[in-house]
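Take a look at the sequence and the 3D view, then read along.

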Amino acid sequence: MYPFTYHRPASLDAAKAVLAASEDGRPLAGGMSLIPTMRFRLASCADLVDLNGIDALAGIERREGHIRIGAMTRHAAVAESPEVREAIPALAALAGSIGDVQVRNRGTMGGSICFADPAADYPAGLVGLGATVNTDRRAIAADDFFTGLYETALADGEIVVSVDFPIPERAGWAKFGNQASRFAIVAAMVSRAAGGAVRVAVTGAKPHVFRVAEMEAALAADFSEEALSGIAVASEGLNEDLHADREYRAHLVGVMAKRAVREALAP
């Protein structure tokens with residue numbers, strides 16, 4: 001690990017001030033991804049700004065038409081939240097499927113989406129539910145937030161404060177995970193809004209989360225597993241590694257989307 005100066009501000013304004021004054025500062029959330037990356041010297045920074053002392057960045061609140069979740073809210077808190085379980089059970093299921101007990105009790109939603117791992121679960125949750133990412137500067141639609149492999153629309157020093165999830169009429173989550181890491185080989189979030197708009201978001205299959213327009217159109221006409229029969233995702237451009245080749249991931253997209261619809265329709 002390269003040397004750095006550690007900061008633990010007690011307020012968002014204090015954190016912003018440190019980042020603004022640093023030529024190479026990085027915020028630290030749960031540290032589940034950033035710290036191992038720094039340990040292997042794959043990343044470095046001059047100033048590490050720990051956000052764990054800022055209580056205002058954590059918490060879950062049900063508002064009119066949506067659930068707001070603070071960026072520093074732990075995965076376990078989302079999975080166990082009565083508000084989330086009642087309003088968006090698929091989101092609670094997603095959070096409960098992340099990593100292991102230790103990771104869920106330390107990792108945060110904000111840290112996960114900012115790291116933007118191509119196999120992370122939350123990107124599909126945000127895009128599949130049509131969420132909005134609130135930062136200290138602006139609001140960013142989830143569709144515009146994830147821009148590439150480990151890349152987001154965040155500017156230097158910009159801090160994610162919370163995420164707003166519209167409460168859907170129905171939503172389902174399905175994941176085919178790596179047995180060791182529990183990262184998604186392929187996972188899908190499917191939702192139908194009260195107005196009938198459908199979203200299908202997939203993670204693990206490409207360098208970043210993506211939507212499947214053909215599946216969305218089919219489900220908008222007939223929200224059922226059968227509506228997805230015969231719809232195939234091309235293998236070109238999909239991820240390939242020792243866990244799954246492109247063709248297998250293409251097949252899994254269809255399987256996971258159907259399973260997500262099944263979960264959404266479950267009583």
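## Ground rules

This is a predicted model, so to speak of local features a pLDDT of at least 70 is needed, side-chain atom pairs count only at pLDDT 80 or more, and totals for chains, interfaces and linings use all residues. Residues are numbered from 1 along each chain as its sequence is written, and side-chain values use heavy atoms, with hydrogens and water left out.

Helices (H or I, at least four residues) and strands (E, at least two) are DSSP runs, numbered from the N terminus. Two strands pair if DSSP finds at least two bridges between them. In general, strands of a sheet pair through backbone hydrogen bonds, either parallel or antiparallel.

## The parallel sheet

Let's start with an open sheet of 3 strands, in the order E1-E3-E2, with parallel pairing. Strand E1 (5–7) and strand E2 (25–28) are at the edges with a single partner strand each, so one side of each has no neighbour in the sheet. From one strand to the next, the twist averages 25° (axes are lines fitted to C-alpha atoms, for helices over the stretch in contact, and angles run from 0 to 180 degrees between N-to-C directions).

Between E1 and E3 there are 3 bridges, in the parallel sense. If you want to find one, look at His7: its bridge partner in E3 is Val49.

## The antiparallel sheet and its helices

Another open sheet has 4 strands in the order E11-E12-E13-E14, and here the pairing is antiparallel. Strand E11 (170–177) and strand E14 (210–211) are the edge strands; each has a single partner strand, so one side of each is left without a neighbour in the sheet. Helix H8 (residues 122–129) packs on this sheet, touching E11, E12, strand E13 (198–203) and E14, and its direction makes about 165° with that of E13. Contact here means heavy atoms within 4.5 Å.

E11 and strand E12 (residues 184–192) are joined by 8 bridges, and Ala174 has Ala188 in E12 as its bridge partner. A further helix, H10 (residues 213–221), lies across E12, E13 and E14, at about 145° to E13.

How many of H8's residues are buried? The count is 8 of its 8 residues, where buried means under 20% relative accessible area, exposed over 50% and partly exposed in between (1.4 Å probe, protein chains only). Among them are Tyr122, Leu126 and Leu129. After H8 comes Gly130, with a positive phi near 65°.

Strand E10 (residues 160–166) is mostly covered, with 5 of its 7 residues buried. It pairs antiparallel with strand E5 (residues 66–70) over 5 bridges, and His66 stands opposite Pro166 in E10. Strand E6 (residues 132–135) also runs antiparallel to E10, joined by 4 bridges; there, Asn134 has Ser162 as its bridge partner.

E5 has 4 of its 5 residues buried, so the rest of the structure largely encloses it. E4 and E5 pair in the antiparallel sense over 4 bridges, with Arg62 opposite Ile67 in E5. Their hairpin has 2 residues between the strands, and Gly65 takes a positive phi near 85° there.

## Two loop residues

Asn52 sits in the loop between strand E3 (47–50) and strand E4 (60–63). Is Asn52 buried or exposed? At 15% relative accessibility, Asn52 counts as buried. A polar atom of the Asn52 side chain lies 2.8 Å from the backbone oxygen of Ala29.

Asp121 is in the loop between helix H7 (109–115) and H8. Asp121 is buried too, at a relative accessible area of 5%. Leaving out residues up to four places away in sequence, Asp121 touches several residues, including Leu94, Trp173 and Thr203.

## A cavity

Rolling a probe the size of a water molecule over the atoms shows where empty space is left. On a 1 Å grid over the protein atoms alone, a cavity is a set of points where a 1.4 Å probe fits but cannot get out, and lining residues have an atom within 4 Å of a point. Grid points are joined across faces, edges and corners, and a volume is the space filled by probe spheres set on the points.

By this rule there is 1 cavity of 30 Å³ or more. The largest cavity holds about 40 Å³ of space, and its lining includes Pro123, Phe146, Thr203 and His208.

Note on methods
A polar contact is a pair of N or O atoms within 3.5 Å; within protein, one must be able to donate a hydrogen and the other to accept it, and residues adjacent in sequence count only if both atoms are side-chain atoms. On a 1 Å grid over the protein atoms alone, a cavity is a set of points where a 1.4 Å probe fits but cannot get out, and a pocket is an open set with protein on both sides within 12 Å along at least five of seven lines; lining residues have an atom within 4 Å of a point.
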